[in-house]
Amino acid sequence: MFRPFSIYRLIYPKERYIWAQVRILYETEKAILVDNGMKIWIPKSRIYKIRLRKGVFEIYVREGMMG
C-alpha cells in the first residue's frame, strides 16, 4: 500500500532526477567534463542516461548534481 505521508518518507525522501542540457567538453575513463553555464566534472557512475534531443545532449542525473 502506498502512503504518501509516512514517517519513512519524511526520514528517507525519494531521490529526484532531472534531464539537464549540457555540452560535452571532454571525456575520460571515469568522468565527463560538461558545460551548462559552468564547467563541471561528473563521474560516469552518477550519469544514469544520456540522450540527444534536437541536436542537444541531455544527461539524466540526480537533482542538485548540476550545481
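I take a contact to mean heavy atoms within 4.5 Å. The model I am reading is a predicted one.

**Entry 1: whole chain**

I started with the contacts between residues at least 6 apart in sequence, and 38% of these join residues at least 24 apart. I then listed the secondary structure and found one helix and five strands. Along the sequence they run α-β-β-β-β-β. I looked up the radius of gyration next: 15 Å, well over the 11 Å that the globule rule gives for 67 residues, so the protein is more spread out than a compact globule. The box filled by the C-alpha atoms, along the principal axes, is roughly 45 × 25 × 20 Å.

**Entry 2: surface and charge**

I noted an accessible surface of about 5800 Å² for the protein, with 55% of this surface belonging to carbon and sulfur atoms. Of the 67 residues, 22% are buried. I also checked the charges: there are 14 positive and 6 negative ones, and their mean positions lie 7 Å apart.

**Entry 3: Asp35**

Is Asp35 buried or exposed? I found Asp35 buried, because its relative accessible area is 17% and the cut-off for buried is under 20%. Asp35 sits in strand β2, which covers residues 31–35.

Which backbone nitrogen does the side chain of Asp35 reach at 3.0 Å? I traced this contact to Gly37. I found a further one at Met38, whose backbone nitrogen is 3.4 Å from a polar atom of the Asp35 side chain. Leaving out residues up to four places away in sequence, I listed Val22, Arg23 and Leu25 as the residues that Asp35 touches.

**Entry 4: Trp41**

I placed Trp41 in strand β3, residues 39–43.

In sequence Trp41 and Ile18 are 23 residues apart, and from C-alpha to C-alpha the two are 17 Å apart in space.

Conventions: Residues numbered from 1 in each chain as written. Predicted model: local features only at pLDDT ≥ 70, side-chain atom pairs only at ≥ 80, totals over all residues. Heavy atoms only, no water. Helix = DSSP H or I, 4+ residues; strand = E, 2+ residues; numbered from the N terminus. Buried < 20%, exposed > 50% of the residue type's maximum accessible area, 1.4 Å probe, protein only. Polar contact = N/O pair within 3.5 Å; in protein donor to acceptor, adjacent residues only side chain to side chain. Rg over C-alpha atoms; globule rule 2.2 N^0.38 Å. Areas by Shrake-Rupley, 256 points an atom, 1.4 Å probe, with all protein chains shown as cover. Lys, Arg positive; Asp, Glu negative; His and termini not counted. Charge placed at Lys NZ, Arg CZ, Asp CG, Glu CD.
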